[in-house]
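This report treats a ligand shell, a helix and a strand pair in turn. Please consult the sequence and coordinates shown below.

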Amino acid sequence: MTHPTAAAVVSFRGVHKRYASHDGGGTVALQDIHLDVAPGEFVTVVGPSGCGKSTLLRILAGIERLGEGEVWVEGARSAGPHPSIGVVFQAPVLLPWRNVLDNVLVPADIRRTPRARARQRALELLDMVGLADFATRYPAELSGGMQQRVGIARALINSPSLLLMDEPFGALDAMTREHMNLQLLALQARLGTTVMLVTHSIPEAVFLGRRVVVMTPRPGRITRVYDVALDAPRDLSVINTPRFGDYVAAIRADLQASGGLD
Ligand SMILES: Nc1ncnc2c1ncn2[C@@H]1O[C@H](COP(=O)(O)OP(=O)(O)OP(=O)(O)O)[C@@H](O)[C@H]1O
Ligand SMILES: [Mg+2]
């Protein structure tokens, strides 16, 4: 058994995942995945549709079974949902009968955290995502971007050390998306949470990621990992720099070479 680097929060070791299908065939979704993520890192994963990005996050979140290989979380073999992991999906799926504050509190209620303490934390998180004035509103009264921010606050309520995000901003318009990207970077810098975020957008992957993991079309393999050497803290002006453009072009070329843009 190969033990992961001691410093890693997450280690994928030779992960292989095959889904069985009704006709007796199957789909190899992931092949030979090796990846270490260090504490406090922001890693983005980019790749074509169907290459296994969601599968990768779901395995890490403990909500999808591993095929072969090993996944380590905080120094222990992963076995099912982990209390140190928060997850944000593309759609926030809020409970319509609970107000914003009570939606953020759902994971704390499940864990039976004392209400007063959890409530204080929820209000702090709502403030951090710019929703301090909306705590008593209901999901139907919020825009898509605001609902997604509630989903982010909810994922952070139990103070996870690792936040997994699967195309969290995919449904948002370009302007809201840029704003959310900035807010997420600020939040991550403040909390120090390790983040692994999946996106279809190459510029978004470069803007957010300290490292960008590029995957190939099915069966998903990691074809390259980029260290993104852009100044921190990042602001939107970085998007217009030649260096940013170089990363985007290189990743696009990788995807093209592997047939990921066909
Ligand atoms: N529960 C499942 N049962 C069978 N096959 C599945 C299942 N989930 C995913 N797959 C298959 O595994 C492959 C990878 O799927 P996955 O959802 O991980 O891709 P993805 O990279 O997230 O795609 P997208 O960018 O479109 O969200 C696909 O071919 C898909 O058909
Ligand atoms: Mg997906």
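Ligand 1 is surrounded by 13 residues, the closest being Tyr19, Ser49, Lys53, Ser54 and Thr55; a residue is near a molecule if its C-beta atom, placed from the backbone, lies within 6 Å of it. The model is predicted: local features need pLDDT of at least 70 and side-chain atom pairs pLDDT 80 or more, while totals for chains, interfaces and linings use all residues. Residues are numbered from 1 along each chain as its sequence is written, and chains are lettered from A and ligands numbered from 1 in the order written.

Helix H1 (53-61) and strand S2 (26-37) each supply at least two residues of this shell, and the largest share, three residues, comes from H1. Helices (H or I, at least four residues) and strands (E, at least two) are DSSP runs, numbered from the N terminus.

The table lists its residues by exposure (buried: 20 or more other C-beta atoms within 10 Å of its own; exposed: 12 or fewer).

| Class in H6 | Residues |
|---|---|
| Buried | Met180, Asn181, Leu184 |
| Exposed, on the face turned away from the buried side | Met175, Arg190 |

Just after H6, Gly192 takes a positive phi of about 75 degrees.

In strand S6 (residues 85-88), Ile85 and Val87 point one way and Gly86 and Val88 the other, and all are buried. S6 runs parallel to strand S7 (residues 162-166), joined by four bridges; Val87 has Leu164 as its bridge partner in S7.

Technical notes: Pairing = 2+ DSSP bridges.
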